[in-house]
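Trainee: Could you walk me through this model the way you would read it yourself? I'd like the general idea first, then the case at hand.

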Amino acid sequence: MKVKGKFITVEGPEGAGKTTILNRIVQELKNRGMDVVQTREPGGIAIAEQIRSVILNKENTAMDARTEALLYAAARRQHLIEKVIPAVERGAVVLCDRFIDSSLAYQGHARGLGMDEVASINDFATNGMMPELTLLFDVSPEVGLARIYRHNGREVNRLDLEGLSFHEKVREGYLLLAKREKGRIEVVNAEKNEETVFQEALEKIEKVLR
Ligand SMILES: Nc1ncnc2c1ncn2[C@@H]1O[C@H](COP(=O)(O)OP(=O)(O)OP(=O)(O)O)[C@@H](O)[C@H]1O
Ligand SMILES: Cc1cn([C@H]2C[C@H](O)[C@@H](COP(=O)(O)O)O2)c(=O)[nH]c1=O
């Protein structure tokens, strides 16, 4: 792939505030006249949105952990090919809500499949494409889940319904990744108020856009 634009991802446990902050950042960058593409995983294009509805359907309680990991990787592949790579190649800034680190934290660490195993199936899906910057919105499961149940209009999905220990493992997995990949993953304390989180995230993104 000829790289011209930027590929930036945001990550974090449930209710970390990724969507809220991403919406504001995208608006801010568009106001500055930049070519910005906001997207999400799993989803962002029709085929991946269809896979998303299978994965997150609360009735699919029989789903095996490896099946889950493979479905996320399949959605990722299609989304990269149809949307992310073309946008980066034309020079856009692509801001994506979740990417491979979600699979490593949720399926690799919290489900117990192993981060290395999950990384290897994802290598096949991505050809090794990685973001230039990843913002990890760190929040405790208590705070994140309370935000979802208290304020958010979004439907509670199959993964939200996992127990507290699962969500604790997700956070632990993310923090392990952040330690491992200090050059790419920047941790933001997402328990601070929205304005503070927005300013901190924007500053970090501005650094890679310079
Ligand atoms: N810093 C913050 N402080 C308090 N509430 C916040 C903050 N950021 C977002 N919220 C609120 O928390 C809720 C969840 O936010 P949001 O949907 O942006 O999280 P998310 O990380 O995208 O969640 P998920 O990935 O689980 O869907 C929303 O009601 C939002 O208004
Ligand atoms: C990409 C990806 C996501 N997940 C989980 C994380 C969330 O529970 C849902 C997505 O819902 P959101 O409202 O868009 O955050 O899917 C995962 O387990 N593995 C992944 O690779």
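**Reading the model, feature by feature**

Mentor: Let's start with ligand 1: by class, its shell holds four nonpolar, eight polar and five charged residues. Here Ala, Val, Leu, Ile, Met, Phe, Trp, Tyr, Cys and Pro count as nonpolar, Asp, Glu, Lys and Arg as charged, and the others, Gly among them, as polar. Before we go on, this is a predicted model: local features need pLDDT of at least 70, side-chain atom pairs count only at pLDDT 80 or more, and totals for chains, interfaces and linings use all residues. Residues are numbered from 1 along each chain as its sequence is written, while chains are lettered from A and ligands numbered from 1 in the order in which they are written.

Trainee: Which residues are the closest to ligand 1, and which elements give two or more residues to its shell?

Mentor: A residue is near a molecule if its C-beta atom, placed from the backbone, lies within 6 Å of it. Ligand 1 is surrounded by 17 residues, the closest being Gly17, Thr19, Thr20, Arg147 and His151. Two or more residues come from each of helix H1 (18-31), helix H6 (141-150) and helix H8 (194-209). H1 gives the largest share, three residues. As for the labels, helices (H or I, at least four residues) and strands (E, at least two) are DSSP runs, numbered from the N terminus.

Trainee: What does the UniProt annotation "binding site" cover?

Mentor: UniProt positions are given in the numbering used here, feature names are shortened, and annotations may be inferred rather than shown by experiment. In this unreviewed entry, "binding site" covers Gly12, Pro13, Glu14, Gly15, Ala16, Gly17, Lys18 and Thr19.

Trainee: On to ligand 2. What surrounds it?

Mentor: Its shell is Glu14, Arg40, Glu41, Pro42, Tyr72, Arg98, Ser102, Ser103, Tyr106, Gln107 and Leu159. By class that gives four nonpolar, three polar and four charged residues. Helix H4 (residues 100-110) provides the largest share, four residues.

Trainee: What should I look for in the backbone there?

Mentor: Check omega and phi. A cis peptide bond, with omega about -15 degrees, joins Glu41 and Pro42; Pro42 sits in the loop between strand E2 (36-40) and H2. Arg98 has phi near 80 degrees, a positive value in a residue other than glycine. You'll find Arg98 in the loop between strand E3 (93-97) and H4, and it counts as buried with 23 C-beta neighbours inside 10 Å.

Trainee: Where is Asn127, and what is its phi?

Mentor: Asn127 has a positive phi near 55 degrees and lies in the loop between helix H5 (115-126) and strand E4 (133-138). Asn127 is exposed, with 11 other C-beta atoms within 10 Å.

Trainee: How do I read the faces of a helix?

Mentor: An α-helix has 3.6 residues a turn, so residues three or four places apart point the same way. In helix H2 (residues 46-56), Ala48, Ile51 and Arg52 are buried. Seen down the axis of H2, these fall within an arc of 110 degrees (taken from the directions from the helix axis to the C-beta atoms), so they line one face. The face turned away carries the exposed residues Ala46 and Ser53. Helix H3 (65-90) is included in what covers the buried ones.

Trainee: Last one: how do E4's partners run, parallel or antiparallel?

Mentor: Two strands pair if DSSP finds at least two bridges between them. Strand E1 (residues 6-11) and E4 pair in the parallel sense over four bridges, with Val10 opposite Leu135 in E4. E4 and strand E5 (residues 185-189) are also parallel, over five bridges, and Asp138 stands opposite Asn189 in E5.

Terms used:
A residue is buried if 20 or more other C-beta atoms lie within 10 Å of its own, exposed if 12 or fewer, and partly exposed in between; C-beta atoms are placed from the backbone. Two residues are in contact if their C-beta atoms, placed from the backbone, lie within 7 Å.
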